[in-house]
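Please study the sequence and the model shown here before reading on.

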Amino acid sequence: MSAATEPQTSPTPLSTTPPGSLHTTPPLRRRRALDWRLRFAGLSLIWGFSFLLIKVGTNGYAPFQVTFGRLLFGTLVLAVAIVWKRDRLPRGARTWGHLAVSALLLNALPFSLFAYSELTIPSTLAGICNATSPLWGMALSLVALSEDRPTRRRVAGLGIGFLGVLTVLGAWQGFHGLDAAGTTMALLASLSYPIGWIYIRRTLAGSSHSNLSLTGAQLLLATAQLAVVTPLFTTLPTRFPLIPLLAIIALGTLGTGLALLIQYGLVAEVGPTTAQMVTYFIPVIATAAGVAILGESLAWSTPVGAVIVLAGAALTQSRPAKPAMPKP
């Protein structure tokens, strides 16, 4: 998330479609697969609940420990998938170098920032901040990617989206009662994702390696990065609270590992545009989970601002309809 990606949240931006996935799947196997709408709903739920799991995890463990556990269990899930599919990790120092940077930008950094942010802000607010990722991405792509040209619709979407952010934060009240540090970290986490996507688009687009292989290596490197950082800023726990530990395990196996595998199938079957629509359901589920399960308070400006954010994000991602071909 996104989300988580994850989302958003964590998305798999290594390429639009796993190589060969649209053409090599036998028809019989396609018919037996779970309907994509059910998988889409499952992915939305998994990434939406990730913010609740982060909050629960930080109730018993330090944020870096939560992130390390998340990455570790997510990597184990992808490792099993790689072995099952008889895939292999990518080769070449250059590829691994680019993956190390993407691991930092797409996993280690945003996951850690979200974990730290939820020490002081509700999981509902963190989930809504995650929804700003498409807005950051569009703003950055207009500058960094020459093929993305600004249009009135996309500029309007950016303006509407950031108006929604100000509504969520209660700007007319001077951000009263808002933890500035936690909110800033959540927004920076959301900004880190599109920076990572753009970096990958410039460095690893067209790679001959599969999405599964690249993302497995990326998570492995992110886990290694947290394995180095975590002992420097935390001490080994003297006790291991069960509920927070189970939350971390679920966050890693479901919210990171399984979610990425589900997303691969969705992108291959219905295309990246439809698969990315999951981004607009994550804050709704995160808000509902935070209020219903954690008992977090919800001011009127939070859901209203979230709707405005999602409307702006959807507008930036939309494309004008192509004119119909004239009939002969």
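Leu204 is buried, because its relative accessible area is 5% (buried means under 20% relative accessible area, exposed over 50%, and partly exposed in between, with a 1.4 Å probe and protein chains only). Leu204 is placed in the loop between α8 and α9. Helices (H or I, at least four residues) and strands (E, at least two) are DSSP runs, numbered from the N terminus. The model is predicted: local features need pLDDT of at least 70 and side-chain atom pairs count only at pLDDT 80 or more, while totals for chains, interfaces and linings use all residues. Residues are numbered from 1 along each chain as its sequence is written, and side-chain values use heavy atoms, with hydrogens and water left out.

Leu204 and Arg94 are 110 residues apart in sequence, and their C-alpha atoms are 9.9 Å apart in space. Arg94 belongs to helix α4, and it counts as exposed because its relative accessibility is 67%.

Helix α4 (residues 93-117) also has a partner in helix α8 (residues 180-203): their axes come within 8 Å and cross at roughly 165 degrees. Here axes are lines fitted to C-alpha atoms, for helices over the stretch in contact, and angles run from 0 to 180 degrees between N-to-C directions. The angle makes α4 roughly antiparallel to α8; angles under 35 degrees count as roughly parallel, over 145 as roughly antiparallel, 65 to 115 as roughly perpendicular and the rest as oblique. The residues of this contact comprise 18 nonpolar, eight polar and no charged. In this division Ala, Val, Leu, Ile, Met, Phe, Trp, Tyr, Cys and Pro count as nonpolar, Asp, Glu, Lys and Arg as charged, and the others, Gly among them, as polar. The crossing of α4 and α8 is left-handed, a term used if the near helix is turned anticlockwise from the far one by less than a right angle, with right-handed used if clockwise.

Another pair consists of helix α3 (residues 63-84) and helix α9 (residues 211-233), which pack at an angle of about 155 degrees with their axes 8 Å apart. The helices α3 and α9 are therefore roughly antiparallel to each other, and their crossing is left-handed. Their contact has 15 nonpolar, nine polar and no charged residues.

A further pair is helix α2 (residues 36-58) with helix α10 (residues 242-270), whose axes lie 8 Å apart at an angle of about 150 degrees. This makes α2 roughly antiparallel to α10. The crossing of α2 and α10 is left-handed, and the contact residues divide into 20 nonpolar, five polar and two charged.

Which residue in the loop between α3 and α4 deserves a look? Arg86 is located there, and its phi is positive, about 55 degrees, although Arg86 is not a glycine. Most residues other than glycine have a negative phi. Arg86 is exposed, because its relative accessible area is 80%.

In α6, the buried residues include Ser133, Pro134, Leu135, Gly137, Met138 and Ser141.

Finally, consider the whole chain. The chain contains 13 helices and zero strands. Buried residues account for 49% of its 328 residues.
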